[in-house]
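My notes follow the order of the search.

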Amino acid sequence: MSHLDFLSPLVTAHSPALLAMFAGAAFLAGLARGFSGFGAALIFIPLASAIVGPRVASAVLLVVDAVLTLGMIPPAFRMADRREVFTMAVGAFVGVPVGTMLLSKGDPLTLRWLISGVVVVLLVFLVSGWRYSGRPKTPLTLFTGLLAGLFSGAAQLGGPPVVAYWLGGALKGAFVRANVILYFAVSTVFSIASYFVGGLFTTDVFVFFLLALPFYGLGLYAGARLHGLADEAAFRRICYGLIAISAVIGLPLFDQLLK
C-alpha cells in the first residue's frame, strides 16, 4: 500500500468543497492572528470543528500556530515582563489539563455546542471594548491564567481573557504584545504535553495539519503586512463579522449544509 493509499481515506471522507472551506478557515484565522496578534481560534475552531470535529480542529490549530510563530518568541522574551507572564502561566499550568480532559473525554456534539456558545460570549466581550484597567495583582493574574488555560485546553480559545487583562493596564502596546506572545509560548508547551497525554495527536491531525499549514502561514504573512497599512478599526470589525459567521455556521444545527 502506497503512502497516498494510506492517506486517501482520511481525505476522501470530505468533499473538495469542505476541504476548501477548511483551508479558507485556516487562511482567515492566520490573517486575524498576523494582524492583531490573536483571534485565530475564534474564527477557525467553530468552522473547522463542524468539518473535522473539535478534537482534530483544536489539535491542528495548536500545532500549526506553534510551528509558524516560533520566530516571534526570542524578541518577546527580551521585552516581556517575565515575572508577570510566568505568574499567569502558573494558572495555565492548572487550567490547560482540565480543559484538555474536557476535550478528550467530552461528547463531540456537546463540545461543538459549547464551543460556539463560548465563541459568541467572547465575541460580545471583545466588541464591548471592556478592559481591566487596574494594576496587575497576583491572585487576579493567576485566575486569568487559569481561565485562559481552561479555554486553551478545551478549544484553543484562551486569547480574549489574557488580552483584556493586559491591554487595559499601563503597559504600552508593544510590551503587551510581548507579554501575550511569551505567555502563549509557555501555554502552548502545556497544551502540547496535555494533548499528547490525552491521545489527541492522531493521523487525522497530521493530515489536516499539512492542509492548514500553508494557508495559515499565508494568512499570517498577509496579516502582518496589513498591520501597517490597513485601518485597524475597520479590520477588527471585519474580524468580528467573520467570528460571528464562523460561530453560526459551526453550530450542529447547520450540519446538513456541510454535507
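**Cavities and core**

Searching the whole structure, I found two cavities of 30 Å³ or more, where a cavity is a set of points on a 1 Å grid over the protein atoms alone at which a 1.4 Å probe fits but cannot get out, and a volume is the space filled by probe spheres set on those points, joined across faces, edges and corners. I noted that this is a predicted model, in which local features need pLDDT of at least 70 and side-chain atom pairs count only at pLDDT 80 or more, while totals for chains, interfaces and linings use all residues. Residues are numbered from 1 along each chain as its sequence is written, and side-chain values use heavy atoms, with hydrogens and water left out.

The largest cavity holds about 320 Å³ of space. I listed 23 lining residues (an atom within 4 Å of a point), and those closest to the centre are Arg33, Ala41, Asp65, Gln156 and Phe184. Which element gives the most to this lining? I found that α10 does, with six residues.

Leaving aside neighbours within four places in sequence, Tyr183 is in contact (heavy atoms within 4.5 Å) with residues including Val85, Met88, Gly145 and Trp166.

Methods:
1 Å grid on protein atoms, 1.4 Å probe; cavity = no way out; pocket = protein on both sides within 12 Å on 5 of 7 lines; lining within 4 Å. Helix = DSSP H or I, 4+ residues; strand = E, 2+ residues; numbered from the N terminus.
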